[in-house]
Amino acid sequence: MGDVRTLGMRVLVTGGTGGLGRALTARLLERGDEVLVLSRDAARARGQLDPRVQLIQGDPCRQGPWQQVVATCDGVVHLAAHNVWEGRWREPEKARIRASRIEATTLVAEAVAAARGRTSLVSASAVGQYYGKHGDEHLGEDAEPAETFIAAVCADWERSCAPALAAGARVSQARIGVVLSSARQRVAGPFRWFVGGAPGSGEQWVPWVDPRDLADMLIFALERSDVVGPFNAVAPEPVRMREFAAAVGRVLQRPVWVPIPEFAVRWALGEVACLVVGGARAQPVKLQSLGFRHTHAELDLALRDVLAAS
């Protein structure tokens, strides 16, 4: 078993005003940790976050004084990235997606490197985007990436942590699954209007994760010295899309209609459709082997909690 940090860590979070960022900062504060959030608009972020959070003005895509703050922290959780659901992935959107992941992560990693091993880094990645469509194969962290634009971005995103690794920092990359809270509007909205159904064949796998378990996984990675490299931040049992849609229907007490044809999804979303009609049967092999235990691993119960909060 790896060494475990004691409570009272000083942690900087990028992307702290997003849904996942807020869940993580709340969990860290609940534990008694000191939390700093990097924000491009600190004044606006002040109204979104707990008053105990220290706000640092800065853009992770640009060099600045914020990098010096990183070196004073025990750990950094880097979540900031451009939303992949915005636009149809024409060239300008693709450029923003790459820059927000690769350029920003490189700058964060360089700041971690300046701490000379004192600061650990947990950087976001994405499980479905990395693995793409692998059929029914059980996927651990050693599975190969897909051959798509977004998979190549994810691979480069993870490699962008290299400056921190070269300086001897402990680095891990969280390959995050379909976060139930983030998918709430995209998934639940159609069901509330009685037009919900599974996109594509319905046979693709959904590697979902409850936001509370995800926050705990990120903290586990911060604390444990043996969490190194990529790890699948997902629930223990992924489900097929048709099963996921059925669970949403049960929780919302709405009918589930026939699957939406794949050609219609691709027509509506363009290249972004790969995030919907693809899927990966990814499982949290590394974290489970290190002793992490999920507390929200039953899909219907997790959905009920998340959808009730919407």
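**Questions on a predicted model**

Author: In this predicted model, the radius of gyration is 19 Å, which agrees with the value near 19 Å that a compact globule of 310 residues would have.

Reader: What makes 19 Å the value for a compact globule of 310 residues?

Author: The rule is 2.2 Å times the number of residues to the power 0.38. With 310 residues that gives a radius near 19 Å, and the protein has 19 Å, so the two agree. Along the principal axes, the C-alpha atoms fill a box of roughly 55 × 40 × 40 Å. The protein holds 14 helices and 13 strands, and 55% of its 310 residues count as buried.

Reader: What share of the contacts joins residues at least 24 apart in sequence?

Author: Among contacts between residues at least 6 apart in sequence, the share is 80%.

Reader: Which parts of the chain does the pair of Trp-89 and Phe-149 link?

Author: Trp-89 is in the loop between β4 (75–78) and α4 (91–113), while Phe-149 is in helix α6 (residues 149–159), 60 residues apart.

Reader: How do you know whether Trp-89 and Phe-149 are buried or exposed?

Author: Buried means under 20% relative accessible area. Trp-89 has 3%, so Trp-89 counts as buried. Phe-149 has 18%, which is also under 20%, so Phe-149 counts as buried.

Reader: What makes Phe-220 and Phe-292 an aromatic pair, and of which kind?

Author: The distance is 5.4 Å centre to centre, within the 6.5 Å limit. The angle between the planes is 75°, over 60 degrees, and the pair is edge-to-face. This pair also links distant parts of the chain, with Phe-220 in helix α9 (residues 211–223) and Phe-292 in the loop between α13 (285–289) and α14 (299–308), 72 residues apart. Phe-220 has a relative accessible area of 11% and is buried. Phe-292, at 6%, counts as buried.

Reader: How do you know that the charged end of Lys-94 sits over the ring of Phe-149?

Author: For Lys, NZ must lie within 6 Å of the ring centre and within 35 degrees of the ring normal. The charged end of Lys-94 is 4.8 Å from the centre of the Phe-149 ring and is counted as sitting over it. The charged end of Arg-175 likewise sits over the ring of Tyr-130, 3.7 Å from its centre.

Reader: Which residues touch the most other members of the largest nonpolar core?

Author: Leu-24 and Leu-218 do, in a core of 46 residues. Helix α9 gives the largest share of this core, eight residues. Leaving out residues up to four places away in sequence, Leu-218 touches Leu-20, Leu-24, Val-77, Leu-79, Val-122 and Ala-174. Apart from this core lies another, of 19 residues, among them Ile-56, Cys-73, Leu-121 and Val-171.

Reader: Why does Ile-56 count as buried?

Author: Its relative accessible area is 15%, and the limit is 20%, so Ile-56 is buried. Ile-56 is found in strand β3 (residues 54–57). Beyond four places in sequence, Ile-56 touches Leu-12, Leu-36, Val-37, Leu-38, Ser-39, Trp-66 and Val-69. From Trp-66, Ile-56 is ten residues apart in sequence and 6.7 Å apart in space, C-alpha to C-alpha.

Reader: Why does Ser-125 count as buried?

Author: Ser-125 has 3% relative accessibility, under the 20% limit, and therefore counts as buried. Ser-125 lies in strand β5 (residues 120–126). Its contacts beyond four places in sequence are Cys-154, Trp-157, Glu-158, Ala-174, Arg-175 and Ile-176.

Reader: What is the relative accessible area of Gly-140, and where is Gly-140 placed?

Author: At 12%, Gly-140 is buried. Gly-140 is in the loop between α5 (127–131) and α6. Its C-alpha atom is separated by 7.6 Å from that of Lys-286, 146 residues apart along the chain. Leaving aside neighbours within four places, Gly-140 is in contact with Tyr-131, Asn-232, Gln-283 and Val-285.

Methods. Residues numbered from 1 in each chain as written. Predicted model: local features only at pLDDT ≥ 70, side-chain atom pairs only at ≥ 80, totals over all residues. Heavy atoms only, no water. Helix = DSSP H or I, 4+ residues; strand = E, 2+ residues; numbered from the N terminus. Buried < 20%, exposed > 50% of the residue type's maximum accessible area, 1.4 Å probe, protein only. Phe/Tyr/Trp six-rings, centres within 6.5 Å; stacked < 30°, edge-to-face > 60°. Core = buried A, V, L, I, M, F, W, Y, C linked by side-chain atoms within 4.5 Å. Contact = heavy atoms within 4.5 Å.
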